Structure formats: structure tokens, C-alpha cells
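Work through the exercises below with the sequence and the coordinates open. Try each task before reading its solution.

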Amino acid sequence: MPSTELRHCQMYIGNTWMEAETGERFETVNPFTGRPWASAPLAGPADVRKAVQAAERALEGPWAKMSATQRGDLIRRLADLIGEHAEELATIETTDNGKVIRETRGQLQGMPATYDYFAGAADKIHGATIPSPHTNFFTYTRREPIGVVAAILPWNSPLYLLASKLAPALAAGCTFVAKPAEQTPMSTLRFAELVAEAGFPDGVFNVVTGGGETGAALAADPGVAKVTFTGSTATGTAVMKSAADHIADVTLELGGKSPNIVCADADLDAAMNGVLAGIFAATGQTCIAGSRLLVARELHDELVDRLVRRIQSIKLGDPLLMETEVGPIAFAEQLDKVCSYVDIARTEGASLVCGGKRPNSANLRDGYFFEPTILTEVHNDMRVAREEIFGPVLSVIPFDTEDEAVRIANDTSYGLAAAVWTRDIQRAHRMAHQIHAGSIWINSYRVLAYNVPYGGFRQSGIGRENGIEGLDAYLQTKSVWVELTGASRDPFKLG
């Protein structure tokens, strides 16, 4: 029988492992078994303050005295360690959040490239010389770290999304306090051990664990210069308000209700695979999920039929097995939310074509599973077409013209991602230019890379992660004026 002993972890602050000052702890549940498997400290405001102070000391200490090349070397060392421990980290993450191992393994195996990319950028951060209109001045700019960064992480891809924040922040010379989601702290805590092994100075990277109150205390801490958050729009709004109270910078990667648009001339086999990947991969628990399928009316019945037949063969099961295609919902409250939205859809008049319930299989009853679900006869004003469900629920909406498809796609408060499936290259570019979203895929879906900017329009967020824009988010510009002549000047005259 498997061990029932909980894995007991501590927080990582200033290169020291510690408990919360109150001694309180919380448990994290394996969503496949429905049983607790680990516990971590429940950090309060005093613990958060301690972590931020450790990061402040590091910002002014040995980390600040390192050259950019030395910082890059440490980041590369961390990348190597991630690669060496990719399988272990993937297993921890899958156990914590139920995402299938075929995805977490792929994320972790590819993650060193993110750190390598930003390691290479560390010594390529340049200021500029600026011709001054005052001939007795030499003027230049410096690009400097923004300061202590607070990262509030989601539960769906903790280390993958941490990488898009931490790697550029380290390259910029910032220090860091991470707060993983209370449902999934374990992979971030194991990752902290690798940071220590890589040789980063004390306090450069810190981890506090806890729930919403812990995150709120971190966002509100006056020592934090920047808050980077990935999660729901509602929580992102609260984070932004807290950061505003002490004029901290923010990057917010928030929710979406992304349209996956299949035009009449699309390659239907490719489009079907893209639709499946867009909503059922990761059990629909991804911000960029293609949760609205907009399909040309003449293709509607055929595409829905194909999707239903493929869904019937999808393998739900143990997320640690490679043959499993769809794992459980990450935690019980989220499962309840997904169930409630299917009830809402049917009340609003949508038709349930397949799924819509928890599976009956004996081997799945203990876990938080929900069948891949398709809803038709959906109108874009229904709640299931407007609100983020964050589960394996697809709303299908037919359209008659290209203009109508664009109108429906843009009729949302979000703007994170979208896809267009068509063989017409002119239509592809035309629609990509007209759709209001931060990422547009043509004949593909759910593809991201460390060197390509990512972020949302409207209520899907503020700022960009990845690429050079992702690095810029952790830098600030200083202007330096050097008087060249030594001549005295009128103290009451500008310039």
C-alpha cells in the first residue's frame, strides 16, 4: 500500500528553511486520489515581511556587486540543475495539480532553455548615449533592476509560469519572493533547493507558502517594487489595487475566453486536433484555453460529430501514466465550479452533446475527474460563453460570415488568445489583425515560446512576459547628466 505519511516541507527565506511564525500549516491534496499528500507552512504577514527584507538585503549586497556575466553564469547553472531534475520536478507537479505527466515532463524538459535564454541576455542590457542640447553635458542612460519582485503563482503550471517571471528578473538583477498557490506549493519548494544548490547569494530567491491572505500581504508589502501575478481577473484586480497603494509596478496575466475560429475552408482534421488541444489538453485548466469554438455553419455538424467521436476515446486516468490524455481537475472547489457551469448552460438553453458529469469508472471515483464536455446551441451572451470556466467545457457557436466571426470573437471582456483555421492566407492575416487578443495562432493552437512576448488585452492582463519585452518588465531607466566644463552657472536658470 502507498505511504500515508505526509511530506513535510518548510518555507525558504534568506537561504534558510523555516516554519511560519505562528506554527500553522496546511495540506495539499493529490487530485487523483483525493487525499492529502504533503503539508507546508501557512505564512502570515510577519513571514512575508521577513522574506521581503531578505530580498532587500540581497538587492544591496553580494547580488548587486556581481557582474552581469556572473549573474548569467548562475542562471545557466540553475538551468542545468532543472534539466538534471526535470523528471523529479514533473512528478511532484503532476502529483500536486493532476496535470498529465506527458505535459509536465515536456514543460520541465524544455524549461532550461528559458533560463539559458535570459542568462544570455543578462550581459546584453544596454543604456544609451543621448546627444544633449546643452553642449557642456554628456548624457547617458542606465538600465537598472526594478528592485524586489513579488510573484504570486497559479496552480495550473507553477514552475513553467515561474520561469517566465524569475528568469528575466534574475537576468535584470532583481531579487525575488515567490508565493505558490496553496493547492500546489511542492514543486516550487523543491525548486528552491536547486536555487540554493546553484549558488545564488542568500535572499536572492525566497518562497513563502499560504493562501489568499499570504498573497495579499505580499502584494501590499512596501518593500516590493514589482508584483507579477498569473491567475483570475478578479484576483488580479485586487493585486493591482494593493500594489497601487505603494506605487509598485505590476505585470498581470489574467483570464480568457478565447475563440478558436474554424472557417469553411479549414483543414478539418488539423482543426479538430487544434480544438481538442485548445480545450481538453491540461483538462481545460489553462488561461489560453480555446473555450469558445466559433465554427462556420456549414461545418458545424460535421466538426461536432468528429469531436464527439474522438472524445469518446480520450483516456482519463492516473496523470502519472504516459497513456493518460486527460487528468483530474486540480482541486475539489474547482471541480464544483465546473459542474455548476454545465448546470448553468443547460438552464440557459444550451444543449449538452457529450460529457457534463463526473465519470463512473471505479478507478476514477476518488479523484476530481470531469468528463470532456461539449455544449451546442450556445449564444455568445450566455454565461458559459462569457465567463471563464477553467475546465474541459467547450461552447460551440456557429457563424455565417467572416465579419460575424470577428464580431463574436471580440464580443468579450477578455483578450488573451485566439486562433483562425483557414487555407486562405489573406483571410488569416486579415482576421489576425482584426481580433483583439495578445496571441493569435494561424492553423495551430496553444503554442508558446520563451522568446516570444505573451500577454493579454483588456481584462486579460497588463504587460508582457517572455522575450525582450519580458526582460524590460524588470528594468527601469536612469538618466545621468555629466557636466563637462566645470564652469559656474546661474543657480536660478534651468539648463
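**Exercise 1: the span of a helix**

Solution. Helices (H or I, at least four residues) and strands (E, at least two) are DSSP runs, numbered from the N terminus.

Two notes on the source apply throughout. Residues are numbered from 1 along each chain as its sequence is written. The model is predicted, so local features need pLDDT of at least 70, side-chain atom pairs count only at pLDDT 80 or more, totals for chains, interfaces and linings use all residues, and side-chain values use heavy atoms, with hydrogens and water left out.

Next, the cover of helix 7. How many of its 13 residues are buried? Buried means under 20% relative accessible area, exposed over 50%, partly exposed in between (1.4 Å probe, protein chains only). The count is 10, and helix 7 is mostly covered. Among the buried residues are Met186, Leu189, Arg190 and Phe191. Glycine 199 follows helix 7, with a positive phi near 100°.

**Exercise 2: aromatic pairs**

Solution. Start with the rule. Rings of Phe, Tyr and Trp (its six-membered ring) pair if their centres lie within 6.5 Å; planes under 30 degrees apart count as stacked, over 60 as edge-to-face and the rest as tilted. The rule gives 13 aromatic pairs. Tyrosine 12 and tryptophan 17 have ring centres 4.8 Å apart and planes at 45°, so this pair is tilted. Tyrosine 12 is buried at 3% relative accessible area. Tryptophan 17, at 32%, is partly exposed.

Now the second pair. The ring centres of phenylalanine 176 and phenylalanine 205 are 6.0 Å apart and the planes are at 25°, so the pair is stacked. Phenylalanine 176 lies in strand 9 (residues 175-179) and phenylalanine 205 in strand 10 (residues 205-207); the pair links parts of the chain 29 residues apart. Phenylalanine 176 is buried at 0%, and phenylalanine 205 is buried at 3%. Ring pairs join Tyr115, Phe176, Phe191 and Phe205 into a cluster.

**Exercise 3: the surroundings of a strand residue**

Task: locate valine 148 and list residues that it touches.

Solution. Valine 148 is in strand 8 (residues 148-152). Its relative accessibility is 2%, so valine 148 counts as buried. Contact means heavy atoms within 4.5 Å. Valine 148 and tyrosine 12 are 136 residues apart in sequence and 16 Å apart in space, C-alpha to C-alpha.

**Exercise 4: the whole chain**

Task: compare the radius of gyration of the protein with that of a compact globule.

Solution. The radius is taken over C-alpha atoms, and the globule rule is 2.2 Å times the number of residues to the power 0.38. For 495 residues, a compact globule would have a radius near 23 Å; the protein has 24 Å, which agrees. Buried residues make up 57% of the 495 residues. The secondary structure comes to 16 helices and 21 strands.
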